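Q: I have a model open and want to learn how to read its features. Can you take me through them one by one?

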Amino acid sequence: MKNLYKILIVDDEVEYQHVLSLILSDVGYKTATCSNGQDALNYMEEQAVNLVITDLKMPVMDGMTLIREIKKKHPAVDVIVMTAFGSIESAVDAIKYGAVDYYVKSGDMDDLVIKVNRLAKLNRLEFKNTVLLKNQNDQSFFLESLSPLYLHLLELCQRAADTGISILLLGESGVGKEVIANYIHRLSSRQHEPFVPINCQVFPEGVIDSELFGHEKGSFTGAIDCRAGKFEQANLGTLFMDEIGDLPLSTQGKLLRAIESRKIQRLGSNKSLSLDIRFISATNKHLNQLIAEGTFREDLLHRINTLTLTIPPLRERKEDLPSLIQFFIQKIEQEQKKKVSHVDQNVMDFLLSYDYPGNIRELKNIIERMIALSKDGRLTSSEILLPAGNSCASPVQQDDILHPLKEARAFFEKNYIRKALERHGGNVAKTSKTLDISTRQLWNKLNQYHLHENTRDK
Ligand SMILES: Nc1ncnc2c1ncn2[C@@H]1O[C@H](COP(=O)(O)OP(=O)(O)OP(=O)(O)O)[C@@H](O)[C@H]1O
């Protein structure tokens, strides 16, 4: 991990710069050097830095001004000041301006290394914390089953979790491939490290490389800042690559090299970063067919499918519907702060017999919608209005729909958009094309109907 922590040493004494740089790179850190505050700021405009170790007295721009500028422009960057023996007061001033620590130049270099190690560790913990907090909301899944098919799947997940092998998850849209990937991660010894999902379908060719591998500032038009990619974010943890069948061929080549060498390079950088990542991929496409068509690399398939797990569609595990319905009602009651006291029999009959082409995602959406529209804690059939094309599966009779036209139109529109999104796996760009409206118009509708959850770009 140390090689992902970059330290900028700022000192007008070139020899001292070199000594420090040698010592810190010797213990594994990435280092760079500058001779004054202005050069350091220029450097930081171009390259990502985690820590600046700066002298105070320097020409052009002194250390104190540099600290103030860093705190203004790069508040997340830590600063340690170096001071000559006997001028501790200026170090104390520097701490007032935002430096985290100081080091007396004539002191033991080991002390400085200890300070740096402590900051690097804190930095890693903060990063992990942010990723873990992000994942926390996704923890409440229903992973019990009466279905032999699904039970077998869960057992395979448990057996494979701690082996670190690459897993390929197959299954229709909405069956819970990401949920299963997250489950495997939480069962593995990497559970306290990040679980980082990326949907390969969302990003256009050209953007996906920078999302995966990160970039340095200026590496392409629009790269106004340097950024760590999903690989770096997932280091020590699990990278979940959803819709891997949609990766452009050029990115497939880079991915293959990264998996084989366990190293990546940010776009615009020629430095290699060593990473330790567990790969889980998913697709609802037939990869063998894509290989035959020449749009998916066979050698990549062999790297990602050490174990292939197929998640059954919901219609093939209907015995789990009663528990899943109960689970979602309770979960959504809490989320929406509404209580459900009664579910009409025809609603329950429908929920238990419907085929759910959109799988668990569709079941969850139906229950969410019913609870959102419910009055007096009752779930009634008038809230199940399904999108066009499914009306025969709905228990709602045409003459039951005695809503104002405006309301009925909104129901239709919302459900139609939801269905279109489901067909395109939550991809907003593709959905807007099918619906023949601009992505901006679609986003407005998604806002209006609270349909963000159904998109990839939540
Ligand atoms: N076992 C489960 N328990 C609770 N919720 C679930 C479960 N499986 C899926 N879901 C919910 O269903 C929705 C779809 O799940 P997920 O994104 O994992 O499916 P997917 O197969 O990856 O879909 P896609 O192929 O469209 O990416 C999510 O809202 C998820 O929280």
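Q: How many bridges join E7 to E8, and do they run parallel or antiparallel?
A: This is a predicted model. In it, strand E7 and strand E8 run parallel and are joined by five bridges.

Q: How many residues of strand E3 are buried?
A: Here the cut-off is 20 or more other C-beta atoms within 10 Å. Five of the five residues of E3 (residues 51-55) are buried, so E3 is largely enclosed by the rest of the structure. Leu51, Ile53 and Asp55 are on one side, with Val52 and Thr54 on the other.

Q: Which strands pair with E3?
A: Strand E1 (residues 6-10) pairs with E3 in the parallel sense, over four bridges. Strand E4 (residues 78-83) pairs with E3 in the parallel sense too, over five bridges. Follow Thr54 to see both contacts. Thr54 is the bridge partner of Val10, and Thr54 stands opposite Val81 in E4.

Q: Through which helix does the chain cross from E3 to E4?
A: The chain goes through helix H3 (residues 63-73). This β-α-β crossover is right-handed.

Q: Which strands are joined to E6 by bridges?
A: Strand E6 (residues 167-170) pairs with strand E11 (residues 278-283), parallel, over four bridges. E6 is also joined by four bridges to strand E12 (residues 307-310), again parallel. Leu169 stands opposite Ala282 in E11, and its bridge partner in E12 is Leu309.

Q: What span is expected for helix H13, at 1.5 Å a residue?
A: The expected span is 22 Å. H13 (residues 321-336) has 16 residues and reaches 22 Å from its first C-alpha to its last, close to that expected value.

Q: Where is Leu236 found, and what is its phi?
A: Leu236 is found in the loop between helix H9 (230-233) and strand E8 (238-242). Its phi is near 75°, a positive value in a residue other than glycine. Leu236 is partly exposed, with 15 other C-beta atoms within 10 Å.

Q: Which residues come nearest to the ligand?
A: Phe141, Ser173, Gly176, Lys177 and Glu178 come nearest, of the 18 residues around the ligand. Helix H7 (177-187) and helix H15 (359-373) are the elements that give two or more residues to this shell. The shell divides into six nonpolar, seven polar and five charged residues.

Q: Why does the ligand lie between domain 2 and domain 3?
A: Domain 2 (147-312) and domain 3 (316-396) both give residues to the shell, so the ligand lies between them.

Q: Where is Ser188 found?
A: Ser188 is found in the loop between H7 and strand E7 (195-199). Ser188 is partly exposed, with 19 other C-beta atoms within 10 Å. Arg159 is 29 residues away along the chain, and the two C-alpha atoms are separated by 9.8 Å.

Technical notes. Residues are numbered from 1 along each chain as its sequence is written. This is a predicted model: local features need pLDDT of at least 70, side-chain atom pairs count only at pLDDT 80 or more; totals for chains, interfaces and linings use all residues. A residue is near a molecule or strand if its C-beta atom, placed from the backbone, lies within 6 Å of it. Ala, Val, Leu, Ile, Met, Phe, Trp, Tyr, Cys and Pro count as nonpolar, Asp, Glu, Lys and Arg as charged, and the others, Gly among them, as polar. Domain bounds come from an automatic or database domain assignment. The expected span of a helix is 1.5 Å times one less than its number of residues. Two strands pair if DSSP finds at least two bridges between them. A residue is buried if 20 or more other C-beta atoms lie within 10 Å of its own, exposed if 12 or fewer, and partly exposed in between; C-beta atoms are placed from the backbone. A crossover is right-handed if, with the strands pointing away from the viewer, the path from the first strand over the helix to the second runs clockwise.
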